[in-house]
Amino acid sequence: MSGTVVRYEPRGAARALFGNRNSEVVMAGAAGTGKSLACLFRVHLAALSTPGIRCLIARKTGVSLGSTTLVSFEKKVAAAALAAGVVTWFGGSAREAPSYRYSNGSTINVGGLDKPEKVLSSEYDLIFVDEATEITITDWETLGTRLRNGILSWQQQIAACNPVHPTHWIKQRANAGQLALLTSLHRDNPAYVNADGTLTRAGTDYMAKLDALTGVRRLRLRDGIWAAAEGLVYEEFNPALHVVSQSVVKPEWTRWWTVDFGYTNPFVWQEWAEDPDGRLYLYREIYRTKRLVEDHARDMLLAVTRVVGTVPERSVLTANDIRDDITRGLREWTEPKPRAVICDHDAEDRATLERHLGMGTSPARKTVKDGLQAGQARFKTAGDGKPRIYLCRDTLVERDEELAEAKKPTCTAEEAVGYVWEPPKPGGQPKEQPVKADDHGMDAMRYMVAERDLGSRPRLRRL
Ligand SMILES: Nc1ncnc2c1ncn2[C@@H]1O[C@H](COP(=O)(O)OP(=O)(O)OP(=O)(O)O)[C@@H](O)[C@H]1O
Ligand SMILES: [Mg+2]
């Protein structure tokens with residue numbers, strides 16, 4: 001069949017994946033070793049070669065799947081088959097998950113485990129979960145119950161991930177012999193490493209980015225080690241507990257905004273909701289570099305309003321235009337206005353932000369030690385079994401691709417798992433201050449907690 005010719009050279013762990021018949025196999029390793037590509041090829045080749053099988057490609061959220069894994073699938077794995085019409089895209093319906101449909105009757109459903117009804121309503125022969133450290137053991141076991149389509153002679157659940165902390169369920173399950181863990185290495189990826197072990201040009205550039213990482217991110221993403229972060233500031237932070245769906249936030253809850261300014265470093269805007277019991281939920285954020293405060297102001301207003309009338313045609317949209325539209329009834333707020341906009345102290349940036357937002361701001365309470373203690377207290381579960389702070393999934397208005405490329409944190413939750421104390425100086429006290437790197441979302445979060453938990457102080461609110 002034309003359009004199905006596939007050029008793919010699996011090496012190392014990728015080759016091992018193709019020969020593995022274990023019912024659960026996870027490819028883990030440093031960033032860019034070719035894990036996702038290997039798993040996607042595994043699914044594509046199975047669908048091509050065995051008519052009528054049903055597969056699933058999943059991630060924790062549908063949004064993240066579409067912006068990453070499926071892009072690789074369409075560009076690097078199934079491009080020729082899609083172009084030749086051997087594979088067609090079906091966008092899904094009220095009852096059915098979106099899918100790739102093969103002319104031999106095989107299908108690959110795609111979806112996020114945040115909306116499980118559609119993906120779990122089918123039975124499968126082969127399931128691939130990308131970035132599997134994001135999903136819970138319950139998600140994984142539930143997927144396992146759907147592996148009983150029985151057309152393929154072997155039913156298999158495969159996954160790809162970067163290593164995280166060594167107590168993660170994937171590592172534990174591997175240690176207990178319940179899943180096969182394949183360690184994927186950079187030398188397995190022919191795009192980055194030649195057969196003789198030297199780096200390709202793309203590999204040289206890519207490794208330079210990984211070489212620039214520090215701390216636990218470096219150990220995990222460059223060296224591929226299941227490393228624990230030593231001296232975490234928010235030791236109690238547990239994504240399985242503290243990271244929740246945005247849908248828990250009720251429209252009427254009180255809102256707070258926090259801002260940490262930056263240009264070369266990320267500018268961070270966090271939107272928080274507070275429930276009637278005083279629990280805080282980070283539900284949306286801007287986290288990006290190299291953009292002016294006035295442009296952020298526009299993006300902030302865009303995120304919280306919607307068009308309800310006929311707005312004028314404009315070649316560029318400014319924060320001012322949006323405010324005009326609101327005044328003229330052409331746009332309206334889709335959520336409550338914040339009780340306060342709590343900012344980092346830079347006087348010039350604050351003034352610019354206020355001017356463009358048309359809103360006053362308050363200076364953050366910036367003392368570090370008590371702010372961190374208040375945050376730590378919130379991450380602990382209270383008497384009711386719940387913590388008092390949550391970070392929602394998929395908070396980003398837009399991902400900073402440059403940060404993603406550099407393997408830097410791209411959102412607040414990604415900072416929290418690597419936010420650590422500076423090692424004590426000789427003769428000094430431990431836990432005096434956190435390492436000053438990748439702490440921009442951490443600062444904005446601390447301003448939020450300080451605002452609610454550190455008592456009153458003179459309000460210097462400028463309007
Ligand atoms: N066998 C291969 N042949 C050609 N190119 C490859 C091969 N394996 C990987 N690549 C390319 O290398 C790059 C990284 O691959 P991939 O995205 O699969 O890595 P990954 O291990 O999933 O990375 P991450 O840890 O960031 O998720 C991609 O551009 C991919 O197309
Ligand atoms: Mg990947």
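**Exercise 1. Work out the strand order of the open sheet of 8 strands, then find its edges.**

Step 1. The order is 3-4-5-2-6-7-1-8, with mixed pairing. Strands pair if DSSP finds at least two bridges between them. Strands are DSSP runs (E, at least two residues) and helices are runs of H or I with at least four residues, both numbered from the N terminus.

Step 2. Strand 3 (87–90) and strand 8 (180–184) are the edge strands, since each pairs on one side only.

Step 3. On average, neighbouring strands of this sheet are turned by 20 degrees against each other, direction ignored.

This is a predicted model: local features need pLDDT of at least 70, side-chain atom pairs count only at pLDDT 80 or more, and totals for chains, interfaces and linings use all residues. Residues are numbered from 1 along each chain as its sequence is written, while chains are lettered from A and ligands numbered from 1 in the order in which they are written.

**Exercise 2. Describe how strand 1 (residues 24–29) joins strand 8, and which helix packs there.**

Step 1. The two strands run parallel and share 5 bridges. V26 stands opposite L181 in strand 8.

Step 2. Helix 1 (residues 12–19) packs on the sheet and touches strand 1, strand 7 (156–161) and strand 8. Contact means C-beta atoms, placed from the backbone, within 7 Å.

Step 3. The direction of helix 1 makes about 150 degrees with that of strand 8. Axes are lines fitted to C-alpha atoms, for helices over the stretch in contact, and angles run from 0 to 180 degrees between N-to-C directions.

**Exercise 3. Find the angle between helix 15 (residues 368–379) and helix 18 (residues 440–453), and classify it.**

Step 1. The helices pack at about 85 degrees, with axes 9 Å apart.

Step 2. Helix 15 and helix 18 are therefore roughly perpendicular (65 to 115 degrees).

Step 3. G371, L372, A374, G375 and R378 in helix 15 meet M445, R446, V449, A450 and D453 in helix 18.

Key:
Contact = placed C-beta atoms within 7 Å. Parallel < 35°, antiparallel > 145°, perpendicular 65-115°, else oblique.
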